[in-house]
Structures are given as structure tokens and as C-alpha cells.
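I opened the model to look up its sheets, its helix packing and a few single residues. The entries below follow the order in which I went through them.

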Amino acid sequence: MLRKTFWGTAAFASLVLAAPSLAQTIGFSQIGSESGWRAAETTLTHQQAEERGIDLKFADAQQKQENQIKALRSFIAQGVDAILLAPVVATGWESVLEEAKEAEIPVVLLDRTVDAPEDLYLTAVTSDLVHEGNVAGQWLVDAVAGEPCNVVELQGTTGSSPAIDRKAGFEEAIAGHDNVKIIRSQTGDFTRTKGKEVMESFLKAEDGGRNICALYAHNDDMAVGAIQAIKEAGLKPGDDILVVSIDAVPDIFKAMAEGEANATVELTPNMAGPAFDALAAYMTNGTTPPKWIQTESKLYTQEDDPMAVYEQKKGLGY
Ligand code: AHR
């Protein structure tokens, strides 16, 4: 096993250089399967591991932090070479990350960040989550071009870094544009079901939706659920109520092609590729990666041939 050489020294580098292709065992604590994006991340992580000959130990936490902490402890007890962690919430990780560090097992964060000292993990592969919210907010500011616009917001999982940061980024973008106001904001937990449920309550509370100009959803799945609620309320999503969200999953492109959604910000589900590359470099020659490996964020609108993008993306594990 390579485990003992992590966090290591020059002696480790020469030892590992002699056997760079040694198969590794990597534990992956995944949040669950709340969204299409999450499903794609899981599929791609398995694929990327297989391509590299990595023995991936996968643990689905079913949205619970306590399950993730248990999984991490079990990976440590098994003596895995490294751990990938997609943390459901931002806080409460210090003790278990210290245990991993103590056991000299490097931890790579995937797609979300944690509130913990940086020396407790090797690197974080994430997008700029604040920027994503900012891009969504800027799109809306431009789309309404100074007209009054009441926004309802579907937040992601409470306490998760994307929910916190995407909210902050959007608010930053609309600040100073007094015509754009968030009138209601509630969590939809990143799921379609809750997105629909919460949107129904927003519509009810806002004159059947007639008082709502736009929906900002922290992910596409909640937007897709909300679109259904808007249609059932007799309004036209994408027109009566503008829809902007984040992820770029195939279903949102279908909705965009049908004129029922307006814009999405892409988040790549391939977080594992850069994570495995960073780990390989670290293990083979001791190269310490930057603390943040940033993935790209790209805005798509109805002008970007959404049906073609749907066709490209639909077989990719979402
Ligand atoms: O952390 C990334 C977010 O988690 C995705 O935007 C969302 O779909 C998922 O549940």
C-alpha cells in the first residue's frame, strides 16, 4: 500500500517513483443521489477509477453527515490510500479529518467545501460556487433590463456550501439593482420533489404566481420540479415566470428547448478526474496540488441550441 507515504517526505518520493503504477484503493464518500448532477458525478467517478485501475470503495451517505463520518472512519480503519469526500454540509468535519491526517491518508474534497483548517485536506476540486450564483444573478439583471422583477429562490441543502455560496453570489449580482428583489427564499434540498412542493407554496402565497417574475433555483433539478408546479398553476414557465438555475443537466436543456427554462450555469460532474490526477502526482513524485482545483462555470441560454446540448449530454450518466 502507498498509504504510509502520504503527507510525506523525500524518502517517500523515491520509494513511490519506483512503483508509480501500483494500484490504489480509494474510498469515496458520496452524499447520495439527490439530483441528476449527483448521479452523473457518481457514474463518472466510477468510470475514472476504472480507467486508472483504482479500486474504488463507494459509500452512499443518503444525505446524512453522520453516515459520511462513519464511512470515513471505516475507510481509515481499512487503511485506504486516499479518500474522496463530497461533504453534504460545510461544518462538523474537523475531528474526522484530523483522524485521517493522523493516519496519513490524504483527503480530497469533491464539489463542495468545508469550514475546516486547510491543512486537514490535500485539495478541493470545486467550481467557484459564489461565481455561479453571480452569473445567474447577472443574467437575470440583464434579462429584465430595469423592469421590476420579484424573484423567488429555491435554495439547496441548508448548511451546504453551494447553498450558502450560490445565494451570496446571486445577492451580490442583484445588489444595486433595486428593480430585482428576492421576495421568498426557502430550501428545496436540491431535489425535484421538494423543488415542486416549495414552488407550489410560493405560487399560492404570491397571487397564484402573478406576483412572481422569476425563479432562481440553486440547481436544475429543483427548477425542473418548479417548472411542473408553474404549469399546473396555469402559467407558462420561461415566459410568465423566468427560470434560471445551475448544473446544466440534460433535462434543463429539454426545458430550455421547449421555452420553459431560460438559463443555466454549467457545473462539470467530472470532479474525480482532476482529483485522481492530483493524487497520482502527489503519490508518484510528491507534488503538492494547490488547495483549490477550480472547475469551469459556463452560462447557457436558449440561444445556445439547447436541443443539441441535450442530445450531447443525455447519455452521460445524469
Ligand atoms: O455540490 C453540487 C451540487 O450538489 C449540485 O449543484 C447539485 O445538483 C447537487 O446536489
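Before reading strand partners, I noted that two strands pair if DSSP finds at least two bridges between them. I also noted that this is a predicted model.

**Entry 1: the parallel sheet**

I started with E5, residues 123-126. I found E4 and E5 paired in the parallel sense over three bridges, with Val108 opposite Thr123 in E5. I then looked at E5 and E11, which run parallel and are joined by three bridges. Here Ala124 has Trp292 in E11 as its bridge partner.

Which sheet do these strands belong to? I traced an open sheet of six strands, in the order E2-E1-E3-E4-E5-E11, with parallel pairing. Its edge strands are E2 (55-60) and E11 (292-294), each pairing on one side only. I read an average twist of 20 degrees from one strand to the next.

I checked E3 (residues 82-85) against E4 (residues 107-110) and found three bridges in the parallel sense. Ile83 has Val107 in E4 as its bridge partner.

Next I asked which residues of E5 are buried on each side. Thr123 and Val125 are buried on one side, Ala124 and Thr126 on the other, and both faces of the strand are covered. For comparison I wrote down the general rule that side chains in a regular strand alternate between the two faces of the sheet.

**Entry 2: helices by this sheet**

I looked at H3 (residues 65-78), which lies across E1 (25-30), E2 and E3. H3 runs at about 175 degrees to E1.

I then looked up H2 (residues 36-51) and H10 (residues 272-285), which pack at an angle of about 35 degrees with their axes 9 Å apart. Their crossing is right-handed. In this contact Thr45, Gln48 and Ala49 of H2 meet Ala272, Gly273 and Phe276 of H10. By class I read three nonpolar, three polar and no charged residues.

**Entry 3: the mixed sheet**

I traced another open sheet of six strands, with mixed pairing and the order E7-E6-E8-E9-E10-E12. E7 (180-187) and E12 are the edge strands, each pairing on one side only. Neighbouring strands of this sheet are turned by 15 degrees against each other on average, direction ignored.

I looked at E10 and E12, which pair in the antiparallel sense over five bridges. Glu266 stands opposite Lys298 in E12.

I also noted H6 lying across E6 (149-155), E7, E8 (214-217), E9 and E10. H6 runs at about 170 degrees to E7.

**Entry 4: H5 against H6, and Arg166**

I took H5 (residues 129-144) and H6 (residues 161-174) next: their axes come within 6 Å and cross at roughly 40 degrees. The crossing is right-handed. Residues in the contact include Gly133, Ala136, Gly137 and Leu140 of H5, and Pro162, Gly169, Phe170 and Ala173 of H6. I read the classes of this contact as nine nonpolar, six polar and four charged.

Arg166 lies in H6. Is Arg166 buried or exposed? It counts as buried because its relative accessibility is 3%, and the cut-off for buried is under 20%. The side chains of Arg166 and Glu132 are joined by a polar contact of 2.7 Å. Leaving aside neighbours within four places in sequence, I found Arg166 in contact with residues including Leu129, Phe190, Tyr216, His218, Asp247 and Leu267.

I looked up H9 (residues 250-257), where Pro250, Ile252, Phe253, Ala255 and Met256 are buried. What covers these residues includes H8 (220-232), E9 (242-247), E10 (263-267), E12 (297-301) and H11 (306-313).

H9 is followed by Gly259, whose phi is positive, near 80 degrees. Gly259 lies in the loop between H9 and E10. Gly259 is buried, with a relative accessible area of 19%. Apart from neighbours within four places in sequence, I found Gly259 in contact with Lys236, Pro237, Gly238 and Gln302.

Methods. Residues numbered from 1 in each chain as written. Predicted model: local features only at pLDDT ≥ 70, side-chain atom pairs only at ≥ 80, totals over all residues. Heavy atoms only, no water. Helix = DSSP H or I, 4+ residues; strand = E, 2+ residues; numbered from the N terminus. Axes fitted to C-alpha atoms, helices over the stretch in contact; angles between N-to-C directions. Contact = heavy atoms within 4.5 Å. Left-handed = near helix turned anticlockwise from the far one by under 90°. Nonpolar A, V, L, I, M, F, W, Y, C, P; charged D, E, K, R; others polar. Buried < 20%, exposed > 50% of the residue type's maximum accessible area, 1.4 Å probe, protein only. Polar contact = N/O pair within 3.5 Å; in protein donor to acceptor, adjacent residues only side chain to side chain.
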